[in-house]
Amino acid sequence: MTSVSIDIEVPSSFPADKVFKVFSDFDTIAPKVNPEVFKSIETTEGNGGVGTIKIFTFGDAVPFTSGKYKVDAIDASNFSYTYSFFEGDNLMGILDSITNQIKIVPSADGGSIFKQTVIYNCKSNEKPSEDILKIEKEIYEKTFKAIEAYGIAHPENY
């Protein structure tokens, strides 16, 4: 099995703990701030912790309709979150899974850096196209900035 990955890094002027808290509301915020990508995110099993299973229903700006993922790890003290898509047309028929590793790293200026590694675990040697990888990277960056802006606009919640 082969894999390919993309790395996303987005600086934030907000401290890591606040960014992680806002990002922890991804299921609620993402469909509000980026509905063309995230139509809905619903929990089908679990309480949000490790092992929870959720379904993304994608919007019109994405060439997929849905993806089912499982929460693999949450470490709030280190501001990290890992989840893996294991079912859905977002696997493009060529992937076994897509693993997303997220880490919010404090920066020296009091802000933080949102870091995400997306690993596409391929069934064979066929990989997602460079165009798909570029589009997905742009979507993740845009979504993070929109979630951050939502947190800024609603500081009473965070």
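Reader: How do the residues lining the largest cavity divide into nonpolar, polar and charged?

Author: In this predicted model, the lining of the largest cavity consists of 10 nonpolar residues, one polar residue and one charged residue. The volume of this cavity comes to about 150 Å³, and the count of cavities of 30 Å³ or more is one.

Reader: Which residues line the largest cavity, and which elements give two or more residues to that lining?

Author: The lining is made up of V37, F38, F56, F58, V62, F64, F85, N90, I98, E136, I139 and Y140. The elements contributing two or more of these residues are β3 and α3, and the most comes from α3, which gives three.

Reader: Are F38 and F58 buried or exposed?

Author: Here the cut-off matters, because a residue counts as buried when its relative accessible area is under 20%. F38 has a relative accessible area of 4% and is therefore buried, and F58, with 11%, is buried as well.

A second pair, F56 with F85, is edge-to-face, with 5.3 Å from centre to centre and 90° between the planes. Because F56 lies in strand β3 and F85 in strand β5, this pair ties together parts that are 29 residues apart in sequence. F56 is buried at a relative accessible area of 3%, and F85 also counts as buried, with a relative accessibility of 3%.

Reader: Which residues form one aromatic cluster?

Author: The cluster takes in F23, F26, F38, F56, F58, F64, Y69, Y81, Y83, F85, F114 and F144.

Reader: How many residues lie between the strands of each hairpin, and which turn residues have a positive phi?

Author: The hairpin of β4 and β5 has four residues between its strands, and F79 in its turn has a positive phi of about 55°. The hairpin of β5 and β6 has six residues between its strands, where M92 in the turn takes a positive phi of about 60°.

Reader: β6 also holds N100. With which side chain does the side chain of N100 make a polar contact?

Author: The partner is the side chain of Y140, at 3.3 Å. N100 counts as buried, because its relative accessibility is 0%. Y140, for its part, is one of the residues lining the largest cavity.

Reader: Turning to the pockets, which residues lie nearest the centre of the largest pocket, and what volume does that pocket have?

Author: The largest pocket has a volume of about 270 Å³, and among its 19 lining residues F23, S24, F26, D27 and Y81 lie nearest the centre. At least two lining residues come from each of α1 (16-23), α2 (26-33), β3 (53-58), β4, β5, β7 (112-122) and α3 (130-153), with α3 giving the most, four residues. By class, 13 of the lining residues are nonpolar, four are polar and two are charged.

Reader: Which elements each supply at least two residues to the lining of the second largest pocket?

Author: Those elements are α1 and α3, and the largest share, five residues, comes from α3. The second largest pocket holds about 170 Å³ of space, and its lining, which includes F14, K18, F23, F144, E148 and Y158, divides into nine nonpolar residues, one polar and two charged.

Conventions: Residues numbered from 1 in each chain as written. Predicted model: local features only at pLDDT ≥ 70, side-chain atom pairs only at ≥ 80, totals over all residues. Heavy atoms only, no water. Pairing = 2+ DSSP bridges. 1 Å grid on protein atoms, 1.4 Å probe; cavity = no way out; pocket = protein on both sides within 12 Å on 5 of 7 lines; lining within 4 Å. Points joined across faces, edges and corners; volume = space filled by probe spheres on them. Nonpolar A, V, L, I, M, F, W, Y, C, P; charged D, E, K, R; others polar. Buried < 20%, exposed > 50% of the residue type's maximum accessible area, 1.4 Å probe, protein only. Phe/Tyr/Trp six-rings, centres within 6.5 Å; stacked < 30°, edge-to-face > 60°. Polar contact = N/O pair within 3.5 Å; in protein donor to acceptor, adjacent residues only side chain to side chain.
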